[in-house]
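Hi,

Here's the structure I promised to pass on. Have a look at it first, and then read my notes below.

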Amino acid sequence: MRNRILPFIAACGMLSVLAGCEQANVYQDVDFRVTLDPSNTYQAGDPVRFNISGNPDNLLFYSGEDGHEYQYRDRYLTSAENVESVTLYLQIQHRAGLRNDGYTELEIYYNPDFDGLSGVEGTDRPIVEEMSQTIDEGNVPEGWTRIPYDKPNPEQDVYDMFTVTFPDNNVIAEQFCLAFYWNPPHPESGPGSSNITLDTFYVNGDLTVHFPGDVEMTYDLKSIMGTVFMLDPRFKTWSENVLGTPYYLNDGNGTIRLDATQDIVFAGGPYLDNVSSPAENDGIPHYCNGWIFSAPRSFLNIDADSPEVVKNIQNYMDSYEYTFDEPGTYTVTFVGTNSGYLGESRQVREMVLNIVPVM
């Protein structure tokens, strides 16, 4: 063991003060041992006692269980081969409108290799219009897959809950994109059309990537959805749309909303005129056909494995107990560190434990 003297000369003007400054920044290279207590039974459910000796100021413990392995302490990205499954959990509630068009008022699609929209209308409009026309003709756009959520006789104002497990985990490897196509029936503008209500939907859900050992990465829809494109040209000139853009959102009825309690709200309402109100022409002056896309990306991120904090510089500890609930072979790792103004000393101690079933 050797002591390191870390001089802090710039802050000290006299020799007597200098000596004090140096002393305050002394730290020792870390040196510690971990041994197993003779009383251990190594049965699942019984605590395992580790005896600790030496001088670590800070000590971390990796149990070797899933999610707590030292070898994965710096892992933040994995491959599709290491994914068990990819699941989309959805809750969809129809709030208003007829919903009488073969479940086409709201459709869901995904694409594993979509470049996304550019944010430039002249570039994006042909892409979105072609996709919409293909769907309206009863086909699926190239590269996209429809996620059906048809449910016979759906109840009004009640969430339909369903789960979609993707058949191939590689869909999330590169440029995965999820898209919702909101397409209520288009009433003709003119006499009588004011009685039409454009469909409203509430949507909640999340995309969950399942890894071995019950490790999950979950992304709620509100956090991954973002780019809106509304198709009706009248949407751009609508008085509420002060930006005059098809990418407008979050402004009540007639828009797609990400600012509500729900993850996504497709906010319909009376078309042209709300007959329940004495005011004239207070309805939605445009069709509500439009899209919302998630930002294309890989979903292969994974949280690094985490340790338990056994001790820090403020507490003393000469032993530590941990209970393994399941039998198995675990590589246990203790990481001790001492740190000072100009550096850090680190030491790693590993041991393999065989935890047996209860006798």
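Let's start with contacts (heavy atoms within 4.5 Å): among those between residues at least 6 apart in sequence, 74% join residues at least 24 apart. Keep in mind that this is a predicted model, where local features need pLDDT of at least 70, side-chain atom pairs count only at pLDDT 80 or more, and totals for chains, interfaces and linings use all residues. Residues are numbered from 1 along each chain as its sequence is written, and side-chain values use heavy atoms, with hydrogens and water left out.

The protein has four helices and 22 strands, taken as DSSP runs numbered from the N terminus (helices are H or I with at least four residues, strands E with at least two). Of its 359 residues, 44% are buried, meaning under 20% relative accessible area with a 1.4 Å probe, protein chains only. As for disulfides (a pair of cysteine sulfur atoms within 2.5 Å), the count is zero.

One sheet to look at is an open one of three strands, in the order E3-E4-E20 with antiparallel pairing; strands pair if DSSP finds at least two bridges between them. Strand E3 (32–36) and strand E20 (319–323) are its edges, each pairing on one side only. Strand E4 (residues 47–54) is joined to E20 by five bridges, and Asn51 has Ser319 in E20 as its bridge partner.

Cheers

Definitions and conventions
Buried < 20%, exposed > 50% of the residue type's maximum accessible area, 1.4 Å probe, protein only.
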